[in-house]
Every structure is written in C-alpha cells, then in structure tokens.
There are 2 protein chains.
Amino acid sequence: MTERVDKHILKNGMVILGEQMEQVGSVAFGFMLPAGAAMLAEGCCGAANVIADWIFRGAGDKNSRQLGDALDGLGLHRASSISSSHITIGAALEASNLAEALELHGDIILRPRLESEQFEPARQLVIDGIKALDDDPRQKVMVKLREQFYPSPLGRSTIGDIDELNGLTDEKTKEIIKDNFNLSQTIFAVAGKYDFDIICRQMENLFETNEQETIEQLEIGQKAGKYVHIDNEGAQVHIGLMTGTVKPGDDDYYNARVAVSVLSGGMSARLFTEVREKRGLCYAIGARYHGLKEAAGIMCYAGTTPEKAQETLDVITEQFEQLERGISEEEMHRAKVGLKAALILQSESSSSRAGAIGGDYYILGRVRSLDEIKNKIEATSVESVLGFLRNNKFKNFTVVTIGPKQITVR
Amino acid sequence: MTERVDKHILKNGMVILGEQMEQVGSVAFGFMLPAGAAMLAEGCCGAANVIADWIFRGAGDKNSRQLGDALDGLGLHRASSISSSHITIGAALEASNLAEALELHGDIILRPRLESEQFEPARQLVIDGIKALDDDPRQKVMVKLREQFYPSPLGRSTIGDIDELNGLTDEKTKEIIKDNFNLSQTIFAVAGKYDFDIICRQMENLFETNEQETIEQLEIGQKAGKYVHIDNEGAQVHIGLMTGTVKPGDDDYYNARVAVSVLSGGMSARLFTEVREKRGLCYAIGARYHGLKEAAGIMCYAGTTPEKAQETLDVITEQFEQLERGISEEEMHRAKVGLKAALILQSESSSSRAGAIGGDYYILGRVRSLDEIKNKIEATSVESVLGFLRNNKFKNFTVVTIGPKQITVR
C-alpha cells in the first residue's frame, strides 16, 4: 500500500493529478468540471445533467455518431457523474488507448458542437430520468434527504428538476457551459498505468492557456427543513435520515468515520444487530459519511414495512444518540479493521483511486496517501471517538420518508 | 494478461480453484454450494435465501453475535448470492486474514447451529426483501422475465416466493441443507494474493471426506409463457425481453457475445443509438448475454414512458431481428474492442475473477484463461457472427412489462 502521487499544474491553474498502480493494464481518468448542481444559477436544476449528455453529441470535427463510434472504438467504459460541485467526465480503458481518449476529451470539453437539434433529446432524457426516480423510491429518498439536509444550494438535486428543465433553453445552457467550464478550477485525475510526463505534455497541448479565470464563491443559504414525507402507494416505507458532522478536513474526521463504522461497518455493527437482527425491523439498513467541501453529515437509509416504520426510526435515532455513552474495545477494533479493509479493496481499483485523489484535492487542497489514511484510522481510540461524539453530538436529525404512511419525528 | 489457474480436487470431489493476481494485497473467495433456487424441491422457493442468512446466525462454538463479530474482526466484505444453481458464500478481504476466514467458513458450511429461534427472523427478512421488490420494478421485471423465459425450474425466482416461504418450516429447511450442501458438487474459487499449497492443506483439513455423494440430475419442465404484464401505478413502463441463444460451451458462444455487443456494447451500439439517441424512446436500455449450464438467452431491459412503451418494444425487436442482415466492419471492431476492454477491467478485480473461474468450472468443466477468451473474441468476424445469427435467429421473444399500461407483443 505504498503509492506516489503525481501532480502538475497548468499555467491557467488546471490541476493534473496521477496515481501509478503497478501491474494493472488499465487506466481510469476523470475531468472534474466545476459545473455541479450547486454551482449553477438558481432555476437551472438539471442543466448539469443535460450538459453531461449534450457535449457528447458531437465535438470538434466529429458529429454525434462519429464521436460515439470513436469513443467505443477505444473500448472506453464511460462513467460521467454529477455531484454538488462537479460534472465529472470519466472513463476506464486499456492503458494503451489513453492518449487517443484524452484527445477526444479535449474536443468534448473545449469544442462541443452543442447543436440545437441535439439539445431537445438530451433534455428529454434527463426529464425521463427524473420521472423514473418515482419508480426507485430507495434512491429518491436519498436525493430528497440531501435537499432537506444541506443548506441551499448545496443539497440541490443532482438528478434535476422537471419544472426548471422545462424552462431551460439551449442558449441558456450554452451560457452555463461557457461560464462553468472554467479550466482554472478544473481537476484532472488519473490512476492506473500511465506515463505522467507524456500525460502532462498532452494536457498542456490540449488545455493550457495563460488566463487565470476568476473563481466565484458559492453563497450558502438556509436549510430546507426537518421532516418531509412523500406519499406513495408502495409496499414499503423508505426512511432517509441525516445528522450534521465534521467536514473531511477536520481534525476529528477520522473519529467521525470510525463512529459511523461502529454504527454500520458490518453485520456486527450496531444498526445491523439492533435494528435488523434483534428486532427484525427492516430488510435493509446502512449509514455512511457524506462530505462536501462546505458541509458534511452522516446519512442513513432504512427500508421497512409501514407497520414497523415508526419503531425503525425510533431505534435508529436512539442508536445514533446512545453511541457517545460507550464503545467497547472489540467494537473499536472491528470498526478500524473494516475501514482499513475497505481501503485496501479500493486501492486496487483504478476508477476508485482516480475519483479519490481528485476528490481529495478539491476538498482538502492536497491528496492523502493511503498510508496516511491508514495511520490516521490506526491512531483513533475509544477515547478519541467518544470525545468527538460528546463535542459533536448526533442530534437535530433531518428525516425524509417515502411510503404509504407518515411517521413522527421527535 | 497472463494468468495461471491453480486446481486441486479433494477425495470427495470438492473442487478447489485459484487464480493468482500479482501485486494485489487482497483476496476474494466463494464457496459455490449446489443449493441454488432451481436445485431445491418444488414448493420451497426462497429457501436458499433463508439458508444464506440462517447459516450465519451461529456456527461451531460461536453464537450469532460471536460469529458476526469474528467475521467483521477480519475485515471481511461479505457477498453471498443466490443463483439458479448455487448459493455462493463469498467474501473479499486482506490476504493475511484468509486462513482465519476459511476456518470460520468451515463452521458456517459444515456446522451451522440452525437454531429454531433464529429461523423466523431469517425467513421474515427474506419475505420483506420480496415485498421490497415491488418498490423496485426495474429489478422485478428481470426476475419475472427469467421465470417466464427459462423452462421450469431453471427460471425460478432467486429472490423467493412469499406463499412458499410461509409454508417453509425450520425442519424442512434443515433437510434441504443436509441434502444440498453436497461437498462432491461444491466448488471453491479463490483469486488474488494467496499460497495455493497452504489453501489446499487447509481445505483438506476442513472439507475432505472419503465419501463421494451422488449427484442428482435436474429435471427440466416447460417454459411458462410468452408475454406477462404486471400492472402497477408507477410512472414508467419497465420492459424485459429475452430470446434464446447458444449456451456458454457452444462453438458459437463468442459469436453470440459479439452479436450482443453490436446491439448493446456501448453508446454507439445499435440499441442505444436507434432507440435512445435517434428516437428518444427511453432513458435506459441495455442487453446482455445470460447463460446457465442448461440454457441461455439474450436479455434486454428498457425503461420508458407509457406513451412510448409500444414503439420502444417494436424498435427493440426490430433491431434484434434485423441484425442478421448485416454488420459493418467498424461495428465489428468496436464490439470486439468493447468486449476485450471489459475483460481487462474484470481481470483486475479479485472478486470478479473468483466468480468467473468458479462459474467457468461449473458450466464448462474447466477454467478458460483470459488469453483464450481474448483470442476467441479476436477470431470472430462479420461472416462468423452473421452465420451464427442466421442459424440461431433472434425470435420467439419472451416479454414481461411492469407499468400502468399493457403493450402488444407480436
């Protein structure tokens, strides 16, 4: 688990990061463009999703069909995603095709054709995707939970909003691309098999300019509310619950991670044993740390029957609140082992590593080595976690439910 | 992409397979127990799922809690699954903990406590999981599709049946375990970092007996039907479609895989461009090869609106049927590149490889090397794929829809 981080910054501020992985034949990369859901002007929710589709419908000298053919001809496994902060245009592929893939992405990012007749189908697919969320309450409850939990615009839906999309024009969307595809704020991360010098020369050719564009600060507003219920006629009640905690750069970050692992790190963790095993309250339960640059929380999902929904929520909040009263050394050991094992498994995936180093740089301004993370986890103790919990109580829960029956949030 | 396959067979017929992966720190393993959904007696649909939970609720000298603690203490990422043929009890973990993990699995498989008071919560969670499927029509339509497509009992639900589970007793379930945890038919597959000699000695100690148990042959019945519609009030119509094709051991297997890749291998593949890009008919579409030992098919999923559902189905079946009329060299090239790239990415995941070598051995009686697969893909041509398609027409589609509106299947 030793690794080295490669770093190079272009004159315009665009950051190039790399992590070599020995003995793999693949490479994964991601362009993190500062055009995520929260970065867009009010009233454009879903524009990022339209953009992530539209820019692939022809770029440079290639029309939509030719571009799709060229990307597939390189065996690219594409993986675009929208977060609060970024549109990430990523892919995994055989290492020997990397240079050609980056060349095509230079066109996609800097010279997308953005033809008007391609805008409508791109928008329609995003709208259809939002409608489809109604048939996926498990995912929908977590999207709504982030909307409720984070102060506006941080929690803005990364799927989109139908009303706002209906008002979106191709001209407005072009403007957003022009304003938000800001290379000075763009991070490129690559992991796997590559030659960093060759990548840097190519990235200079493709993306280097002398202009340092200004960086706009996000204005943070109010939180939406404490409890929202969305009625549907489904068989289950889907519960999303979130409570605020320290951000990824905080000294207590690893204490928070270990605390979540005690609650939800495995089959022996508290939520699983207390809610599922002992009481048989739900078929699915899990909690995880969710961190943005500006705010963070612990989010929890549980899927249960209408009859068991109230008791499920009550037991979950009780488990969160009780944690500060005590953790055994055995629980602590299992929580740490679980986190370290997850780290080792992630360290073997080029896509995971490319995502992790890019995310680190954006949030922390530097990339943590795996050894650093491992040592920081190792350095936590029952005392440090309990101290953290007493100073950062799990309380003021934001709750969202989807199902045939509302429940009571204390 | 060179690899070697380790193999050892115990006296009772249990097969030990391994694939070394250099430079990884993890190891993944799976015990493939011949107790999958189709292997059980009529009337016990879901018993495999109950078993996969129940055997973890205490084994050997450990009660449920102690066993969970011990597994989590090793940092095990557990991944049990139920297929038509097997219950696979698997995990990924740091390589240094493998011996201890196998020791625990010896107890779980050979000496589960199967306490009566632990049976009910195990069964209840499986029933809750089936109910939850109603809130996940995208997964449900594919479960129903396999039920309709495969002759009984091959397509039997791998999730379970509530009525049959309500009739299941702990005694009956114990009998199933006794009959179906047949070591003579069990395959153990491991991939990642390990010492094969050490594993073989340990497996001999844990699992070797002198008895060769008899192997019962599966009796294959009739197919269920051509079109089934399940009415729900959701926003979307979920379409599952399946057509029979050659089995994994067939000479034409790679031609079938390339044909599916032409239809659905990437953004430039036919289904994506014809159904989604050109006509904007659906937000999600994909087809893949699905092979059992006894039968195989190409399965396709599409999610669309009620208004577009009929046209979506019509265009999909048209694309399947038209494929034999011609494939361009460029399409052929992209289909092959896509399959090979997927192979390289899979080759870097210890969990994928453990699953792949175990599956190969069960279905083919031997493990294919990655080079063999690559060469066989390489050896296909436009002529060989078209020849295959003309002799194995894509026709007689089995269709399942879930949504507010029925459609017409020609």
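Let me start with a pair of strands in chain B: strand E11 (residues 237-244) and strand E13 pair in the antiparallel sense over eight bridges. Strands here are DSSP runs of at least two residues (E), helices are runs of at least four (H or I), and both are numbered from the N terminus. Two strands count as paired if DSSP finds at least two bridges between them.

Before going on, the basis. This is a predicted model, in which local features need pLDDT of at least 70 and side-chain atom pairs count only at pLDDT 80 or more, while totals for chains, interfaces and linings use all residues. Residues are numbered from 1 along each chain as its sequence is written, chains are lettered from A and ligands numbered from 1 in the order in which they are written, and side-chain values use heavy atoms, with hydrogens and water left out.

Back to E13(B). On E12(B), the antiparallel pairing with E13(B) has nine bridges, and Ile285(B) is bridged to Ala302(B). E12(B) and E13(B) make a hairpin, with four residues between them.

How much of strand E13 of chain B is buried? Nine of its nine residues, 296-304, are buried, so the strand is largely enclosed by the rest of the structure. Buried means under 20% relative accessible area, exposed means over 50%, and partly exposed is in between (1.4 Å probe, protein chains only). In a regular strand the side chains alternate between the two faces of the sheet. In E13(B), Ala296(B), Ile298(B), Cys300(B), Ala302(B) and Thr304(B) point one way, and Gly297(B), Met299(B), Tyr301(B) and Gly303(B) the other.

Next, the interface. Contact, meaning heavy atoms within 4.5 Å, involves 54 residues of chain B and 54 residues of chain A. The buried area is about 4400 Å², with carbon and sulfur atoms giving 54%. That area is the accessible area (1.4 Å probe) that the two parts lose on being put together, summed over both. Asp72(B), Asp135(B) and Glu348(B) supply 14% of what chain B buries against chain A, more than any other three residues.

There are eight salt bridges between the chains, each a side-chain nitrogen of Lys or Arg within 4 Å of a carboxyl oxygen of Asp or Glu. One of them joins Arg57(A) to Glu277(B), with the closest N and O atoms 3.0 Å apart. On the chain B side, H12(B) gives the largest share of the residues that touch chain A, eight of them.

Now some loop residues. In chain A, a cis peptide bond with omega about 0° joins Ser152(A) and Pro153(A), and Pro153(A) sits in the loop between helix H5 (137-149) and helix H6 (162-166). In chain B, Ser152(B) and Pro153(B) are also joined by a cis peptide bond, omega about 0°.

Two residues other than glycine have positive phi. Asn396(A), with phi about 50°, lies between helix H15 (382-391) and strand E14 (398-403) of chain A. Leu114(B), with phi near 50°, is in the loop between helix H3 (98-110) and H4 of chain B.

Which of these is buried and which exposed? Asn396(A) is exposed, at 60% relative accessibility, whereas Leu114(B) is buried, at 9%.
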